[in-house]
Amino acid sequence: MLPGDSTGYASDETEGMGVRGHADAVILPATAAQVADAMAWCYARDVAIVPRGGGSGFAGGAVPVEGGVVLSLERMTAVRAFDPLLWRIHVEAGVRTATVQRLARESGLVFPPDPGAAEQSQIGGNVATNAGGPHAFKYGVTGAWVTGLEAVVPPGEVLTVGGPIRKDVAGYDLTHLLVGSEGTLGVITAAWLRLMPAPQAVLPVAACYPGPAEGCAAIECVLGTGLVPAALEFLDAGALAAAQGAYPRRVPRATGFMVIAEADGSRGEAEHLAGELAAALSEAAQAVHTFDSRAEAAALWRWRDGVSIAVSAQRGGKVSEDIVVPLGRLREAIEETVSIGRRHELEACSWGHAGDGNLHSTFIVDPRDELELERARRAAQDLFGLAVRLSGSVSGEHGIGWAKRGQLSRQWSEPALRLHEEVKRAFDPKGLLNPGKKAARPA
Ligand SMILES: Cc1cc2nc3c(=O)[nH]c(=O)nc-3n(C[C@H](O)[C@H](O)[C@H](O)COP(=O)(O)OP(=O)(O)OC[C@H]3O[C@@H](n4cnc5c(N)ncnc54)[C@H](O)[C@@H]3O)c2cc1C
């Protein structure tokens, strides 16, 4: 146990947006039984529990905003079983995402979910937020790779759902109810994960366009042609302006939009698909770049991973949301992001997972300027309204957490909201697990 004011447990990646809390104590259990004991103690005394993984969240989910005990999984780092020949691994919740990815890679396998903070985030946090990255387009988000969970649920009981099995339709899908529950239904203590053989070759193709009209038409052409890239990403003009200095090729002068598609598979399959992707992307393109070796592909993805930091570096901060829209509305969402920014006197840009219709819609700010931050918060509200108007969702990646509490009521009907609240009550009748987080309605 650590004191509540121990450094590093009062905030996550939303600190720049002003989200900070204060814990009454921090506990670091090493086993599921200790998690259960801690929860039982808290539950009996009406003390709130805030589960914490790597603290890389973008929704304030791990922040003890309303006080209580922070329960950090950082000491639960055992790999309980690794069966590379059966493509599966059983890990405790505190194992870092990058560790699972490395273990898989060393055995010729891959754990496809690739959220951006892999060195910091934990598997428990990835499961709790159902995290995804660029390769979610072909391979799905974290939940698609979870076959079972061990979790501690109120008032302090260890339960196991699913396991090292690839199919299971025996009961209600409690495993995937816990996936994405952001620490509000239970504390995940271990996960059984599927792996798959690593593709032999990975060949990205990038194409430059004058603007979103041509770029989004190219994205739709890829899908319409029946091609299945592993990832299908975009950057708009503002994101490109921030990041293009480090891009590994030359970007033509009038470029206002970039699409990145990746082919994978056996060497032959990937080469064939990369050729087809290049053809599909080329119609209105000013340039099409191929990346033919593993090193070149890695350099491109390293650059893509750095886009968020490059955008922040422009003025020191950003308010960035992760809305999702149906694919046919992507262009509208990209253009509207800029218009919303203009209405609030903010520079705005977006980039993200085009194939999934998932945008990182971003307002660039000086984090020391409280008035500007306030304008950005209001702009974010307009963004959520836009997502709902376009039949999308207010979050495709980071979850609701604290930062977006209540926003679900914009997009869900009354019966759905009621069920959401009843599920919460069924797991946590006293409302002590991560209070205020993932709340369906404004308080
Ligand atoms: C640079 C950067 C890039 C990122 N890129 C991506 C991306 O590409 N895709 C993406 O989806 N996200 C991304 N994120 C956000 C973040 O990394 C993910 O949401 C991640 O899954 C959070 O994991 P964590 O272990 O850090 O969890 P935390 O931030 O500690 O917690 C997140 C939520 O999960 C809950 N939680 C954590 N562990 C448990 C547990 N064991 N049991 C129950 N609840 C738990 C917490 O209560 C909280 O609600 C990025 C963040 C950064 C800083």
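Author: Contact here means heavy atoms within 4.5 Å. The model is a predicted one.

By that cut-off, and leaving aside neighbours within four places in sequence, L73 is in contact with V35, R52, A93, G94, Q122, V187 and I188. L73 itself sits in the loop that joins β4 (69-72) to β5 (79-83). Its relative accessibility is 4%, so L73 counts as buried, the limit for that class being under 20%. For a sense of distance, the C-alpha atoms of L73 and F384 are 32 Å apart in space, and the two residues are separated by 311 residues in sequence.

Now the ligand. Its shell consists of 33 residues, and the closest of them are P51, G53, S56, G57 and G132. Three elements, β3 (49-52), α3 (123-129) and β10 (187-194), each contribute at least two residues to this shell. The most comes from α3, which gives five residues. Sorted by class, the shell holds 18 polar, eleven nonpolar and four charged residues.

Individual polar pairs can be named as well. On the backbone side, an N or O atom of G125 lies 3.5 Å from an oxygen atom of the ligand. A polar backbone atom of G183 is 3.5 Å from a nitrogen atom of the ligand. From a side chain, a polar atom of E397 lies 3.3 Å from a ligand nitrogen atom. As for cover, the ligand on its own has 970 Å² of accessible area, and the protein covers 91% of that.

The chain around this site has 14 helices and 18 strands. Its radius of gyration is 22 Å, close to the 22 Å that the globule rule gives for 443 residues, so the chain is as compact as a globular protein of that length. Along the principal axes, the C-alpha trace spans about 65 × 55 × 40 Å.

Among contacts in the chain with a separation of 6 or more, 74% are between residues 24 or more positions apart. The chain exposes about 18,300 Å², of which carbon and sulfur atoms supply 54%.

Key
Residues are numbered from 1 along each chain as its sequence is written. This is a predicted model: local features need pLDDT of at least 70, side-chain atom pairs count only at pLDDT 80 or more; totals for chains, interfaces and linings use all residues. Side-chain values use heavy atoms; hydrogens and water are left out. A residue is near a molecule or strand if one of its heavy atoms lies within 4 Å of it. A polar contact is a pair of N or O atoms within 3.5 Å; within protein, one must be able to donate a hydrogen and the other to accept it, and residues adjacent in sequence count only if both atoms are side-chain atoms. Accessible areas come from the Shrake-Rupley method with a 1.4 Å probe; for residues, only the protein chains shown count as cover. Helices (H or I, at least four residues) and strands (E, at least two) are DSSP runs, numbered from the N terminus. Ala, Val, Leu, Ile, Met, Phe, Trp, Tyr, Cys and Pro count as nonpolar, Asp, Glu, Lys and Arg as charged, and the others, Gly among them, as polar. The radius of gyration is taken over C-alpha atoms; the globule rule is 2.2 Å times the number of residues to the power 0.38. Buried means under 20% relative accessible area, exposed over 50%, partly exposed in between (1.4 Å probe, protein chains only).
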